Amino acid sequence: MTTPKRSLILAGGGMRVAYQAGVLKALAEAGLEFDHVDGSSGGTINLAMMLSGLTPDEMIDRWESLDVHQFAALMPFANYTSPKGLEALGDASGIVDHVFPHLGIDMDKIRSCRTLAGTFNVCNFTHKTSEVIPNSDMTMDFLVAGVSLPIFTPAVAIGGCLYLDAVWIRDANLMEGVCRGADELWVVWCIGNTGEYHDGVFRQYVHMIEIAANGALFKEFDEINDINMRIRNGETVNGRTTPIRLHLIRPQFPLPLDPDFYLGRIDAATLVGMGYADAKKYMATRSDEGLPFSPEVTRMTNETLGFTFREQMAGGFALGETDPQTGEKVGHDAGNVFTMHATIEIEDLNRFLTDVEHPGSIVGRIDFVPLGLNIPSTKGIFNLFSPTDDPTTKYMVYELAFEANGESYYLAGKKIVKDGPATELWKATTTLYAELYQGNDKSGPIVGAGILSLGMIQLLEMIPTMHATNATSPEQAADALARFGGFFLGELWETYVKKAGV
């Protein structure tokens, strides 16, 4: 069977395109190879990293260690007091001097790369056109222009013209892949697409980007649908005799916006983990025919008031053991520490508080030397105070699926909250009894066990990460925090104080 010719399309999404690094890791693990990669807006950053020779794992390491505050840089003070008016809120000096070097972007390597054809999209503001720059002709000025949004950073002067981010004209250039003969177009999409319209200047600026990006994409869908229809009717189109196929990977919910990333409400590791899990899910369910070229493929679930926090637990763990207490002792004596880095996502706080299972999800990664380091999860389950057959006992459930060394594993852990003295509060809510199963769920054999704990330092690090998501006002965010805290503390009060007779 002939290997299809593939183009990878890295669409924009601001700093949130750290998500794409996780997708690239999953695609590489699946053995997919690409003849051509195209980048627009924020996607040009990951394209530049690829053409600089970085592997997906190296890209992830650099994204996760990046100080995202370096994206923002002020212009000289005189620029803010110019009688001509404000040119932009900041300039690109932080990106050029700090972000690009840290991410391993090397212009000489980009221009000299011959193993992979790369194309960068920029907006020629002077001519109001979108231009495609091949990697052999790329310069730092073009790279900066590709991520320069009006209001936030100035336009870049190149060859007598002014250049900007291409998102207002196109955020994904599928037709470049079509023109290069691609049989399959693989799109990594980070821009939101819901039916919700938000108040506020910033959110409506984002809506303008969403309209422009999705609208341009759908126009290209129409062009490709026309080509495919002609081919199905027996016509040969530019040498093509088989239809073009689409594969598109996107999040279920809109990704948190750049201010959330900048303020630490989400981190690069979580974005990477989301991209990896979404790509693994798509790869497991995709068909050879791909997806229809229709607007529904970028449609996302409407945002609801949610809640999130990040938690890190670690402890002794041993392969070959089935009892957590034994595994903890054996692992501790051998110096084998299992660390779980988890971002808890409660997508719908109202449902979470009323559903008896109190469901959420986890984006996580695993550090365990016998299996590997920084292993991303493929899916995760979280339940807080889930009931059991024993009315005096409730579970806090943490479950993560992941892959290591070509094998599938499923970590199933629970914190056991029993009626008892208040002095047992700390131990019960910070101790996770964990079993490791072979396979994708708990139906396989147990191949390891141990106990993970949340230490005082980790607790103090977790508290600032607790916040509402998709709140429409500071008052709603504060109310969500109070409601979650009241539920959590209320359950603890019920279990440890009232029932214990304290």
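H358 is found in the loop between α13 (349–354) and β11 (359–368), where helices (H or I, at least four residues) and strands (E, at least two) are DSSP runs numbered from the N terminus. The structure is a predicted model, in which local features need pLDDT of at least 70 and side-chain atom pairs count only at pLDDT 80 or more, while totals for chains, interfaces and linings use all residues. Residues are numbered from 1 along each chain as its sequence is written, and side-chain values use heavy atoms, with hydrogens and water left out.

The mean pLDDT (the predictor's confidence in each residue, from 0 to 100) is 93 for the protein, and 96% of its residues reach 70 or more. Over residues 496–502, pLDDT stays under 50. For this segment the model has 18 contacts beyond four places in sequence, a contact being heavy atoms within 4.5 Å. Where pLDDT is low, the predicted coordinates should not be read in detail.

Phi of H358 is near 50°, a positive value in a residue other than glycine. H358 is buried, with a relative accessible area of 8%; buried denotes under 20% relative accessible area, exposed over 50%, and partly exposed in between (1.4 Å probe, protein chains only). N374, which lies in strand β12, likewise has a positive phi, near 55°, and is not a glycine. N374 counts as partly exposed at 22% relative accessibility.

Y410 belongs to strand β14 (residues 407–418) and is buried, at 5% relative accessibility. Although Y410 and H358 are 52 residues apart along the chain, their C-alpha atoms are separated by 21 Å. Beyond its neighbours within four places in sequence, Y410 is in contact with residues including K379, I381, E399, L400 and Y437.

In helix α3 (residues 56–64), the buried residues are M59, I60 and W63. Seen down the axis of α3, these residues fall within an arc of 100° (taken from the directions from the helix axis to the C-beta atoms), so they line one face of the helix. Their cover includes α1 (18–29), α2 (43–51), α11 (268–285) and β12 (372–387). Helix α11 also contains D278. With neighbours within four places in sequence left aside, D278 is in contact with Y19, I249, R250, P251 and Q252. D278 and T242 are 36 residues apart in sequence and 28 Å apart in space, C-alpha to C-alpha.

Grid points are joined across faces, edges and corners, and a volume is the space filled by probe spheres set on the points. The second largest pocket holds about 850 Å³ of space. Its lining comprises 32 residues, of which G14, M15, L149, F152 and D258 lie nearest the centre. Elements giving two or more residues to this lining are α9 (201–232) and α10 (258–262), with the largest share, 5 residues, coming from α9.

A search of the whole structure finds 1 cavity of 30 Å³ or more. The largest cavity has a volume of about 100 Å³, and G192, R203, E210, P254 and E303 are the closest to its centre among its 13 lining residues.

Terms used
On a 1 Å grid over the protein atoms alone, a cavity is a set of points where a 1.4 Å probe fits but cannot get out, and a pocket is an open set with protein on both sides within 12 Å along at least five of seven lines; lining residues have an atom within 4 Å of a point.
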